[in-house]
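Subject: Handing over the structure

Dear colleague,

I am passing on the structure we talked about, together with some notes on what was found in it. Please keep the view open while you read, so that you can follow each residue as it comes up.

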Amino acid sequence: MAGTTIPRAQIATPKPCISAARRIPSSSILCFGNDIKGISCAKLQSSSFISSTKSFSKSFDLNLLKCERNVIKAMSGASDNQPLPGLPVDLRGKRAFIAGIADDNGYGWAIAKSLAAAGAEILVGTWVPALNIFENSLRRGKFDESRVLPDGSLMEITKVYPLDAVYDSPEDVPEDVKTNKRYMGSSNWTVKEVAELVKQDFGTIDILVHSLANGPEVIKPLLETSRYGYLAAISASSYSFVSLLKHFVPIMNPDGSTISLTYIASERIIPGYGGGMSSAKAALESDTQVLTFEAGRKHKIRVNTISAGPLRSRAAKAIGFIDMMIDYSLENAPLQKELTAEEVGNAAAFLASPLASAITGAVVYVDNGLNAMGVGVDSPVFRDLDIPKADRS
């Protein structure tokens, strides 16, 4: 989650494009709305630097979108050097590395979009076995609809790196993994190697996002979890955050921000969320506290984690009861609405911005308030109580 370096050839489109070396700085600012206006485009670059530009209008459907290609970049009225009115989430000039994006429907993707909407440059680390599918989907425009930002432009991904955060350095990789066909053709994908490549390619970053979790025995109760399954969950879901900071913090600019994703199972019992995953999330939150001190004192870096509510993502569906958790949240959370990935992404953009310059070591709950509840009010024992309910008609 490269050995052989992926070719970095530049592929030209029929229309003129802006190269990586002469890219127009992003000047879009995060806004909290869904209106799509005007005509815009975006350049997409992965491990093979690919320029892809598209004209987009609210009245055009996706098929027409794919037929028209023009180099027109959406720009805000203010230049990158001008202060903006009000109190915006402004990440222009910042560079973010998001570890753990493999599709377009999880929290990692939503965080990348919000950071991009606020003006940040986006780098992505994708699990090695999922790399080809992810890059091909980007190249073929399968994610174009979900790349649309609030100003109508498309999110740009400057580069995609193969990454498996379970391994810190090449010496840690077992022989059976090195020779596994799912890893063939990729190289330099351990945490240390990816950090070195990012330094070589870009010098520094400002924002580091950990959107990684895996528990091979997550559907097993804790009493039935093997030592291997338990330790694998800890390794992939919590120590990977420690490793990312260890290797990326040295290339982060002062006043940078790191963000991870946790879950309420770290502190409350969630039946069905097993295999050591609840322990891994608890470790992640504990490590956040310690890393806050160490990264803050040594490098002036902030460390926070977002405790997000249930989302119907591909990864969550593997647990098997995500629909039940979403229904439970709808019935019992103070805010009776389904949580969106965008809401988590916007919270991350705020935490990464100068507006949160004094916030570090925090577990920020983005779950419609479900964490505050001590009981499930949909229980029959409360049927005689006059419990207010939201009008969802």
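**Aromatic rings**

Phe 97, Tyr 161 and Phe 248 are linked into a cluster by ring pairs. Please bear in mind throughout that this is a predicted model. The structure holds 8 aromatic pairs. One of them joins Trp 109 and Phe 143, whose ring centres are 5.4 Å apart and whose planes stand at 65°; planes over 60° apart count as edge-to-face, so this pair is given that name. The pair links distant parts of the chain, since Trp 109 belongs to helix α2 while Phe 143 sits in the loop between α3 (131–139) and β3 (159–163), 34 residues apart. Phe 143 also pairs with Phe 134, and here the ring centres are 5.7 Å apart with planes at 40°, so this pair is tilted. Are Phe 134 and Phe 143 buried or exposed? Both Phe 134 and Phe 143 are buried; for Phe 143 the relative accessible area is 9%, and Trp 109 counts as buried too, at 3% relative accessibility.

**Two helices to look at**

Just after α2 comes Gly 119, which takes a positive phi of about 110°.

Helix α5 (residues 191–202) packs against helix α6 (residues 227–248) at an angle of about 35°, and their axes are 9 Å apart. The crossing of α5 and α6 is right-handed. On the α5 side the contact is made by Val 191, Lys 192, Val 194, Ala 195 and Val 198, and on the α6 side by Ser 243, Leu 244, His 247 and Phe 248. Sorted by kind, the residues of this contact are 6 nonpolar, 2 polar and 1 charged.

Why does Ser 257 count as buried? Its relative accessibility is 1%, and buried means under 20%. The side chain of Ser 257 reaches the backbone oxygen of Leu 351 at 3.4 Å, and the residues in contact with Ser 257, leaving aside its neighbours within four places in sequence, include Asp 206, Leu 208, Ile 301, Arg 302 and Leu 351. Asp 255, by contrast, is exposed, with a relative accessible area of 59%, and it has a positive phi of about 70° although it is not a glycine.

Ile 359 lies in the loop between α10 (341–352) and β7 (363–366), where it is partly exposed at a relative accessible area of 30%. Not counting residues up to four places away in sequence, Ile 359 touches Arg 302, Asn 304, Phe 350 and Leu 351. Ile 359 and Asn 304 are 55 residues apart in sequence, yet their C-alpha atoms are 7.8 Å apart in space.

**After β7**

Asn 368, in the segment after β7, has a positive phi of about 60° although it is not a glycine. At 8% relative accessibility, Asn 368 counts as buried.

Terms used. Residues numbered from 1 in each chain as written. Predicted model: local features only at pLDDT ≥ 70, side-chain atom pairs only at ≥ 80, totals over all residues. Heavy atoms only, no water. Axes fitted to C-alpha atoms, helices over the stretch in contact; angles between N-to-C directions. Helix = DSSP H or I, 4+ residues; strand = E, 2+ residues; numbered from the N terminus. Left-handed = near helix turned anticlockwise from the far one by under 90°. Contact = heavy atoms within 4.5 Å. Nonpolar A, V, L, I, M, F, W, Y, C, P; charged D, E, K, R; others polar. Buried < 20%, exposed > 50% of the residue type's maximum accessible area, 1.4 Å probe, protein only. Polar contact = N/O pair within 3.5 Å; in protein donor to acceptor, adjacent residues only side chain to side chain. Phe/Tyr/Trp six-rings, centres within 6.5 Å; stacked < 30°, edge-to-face > 60°.
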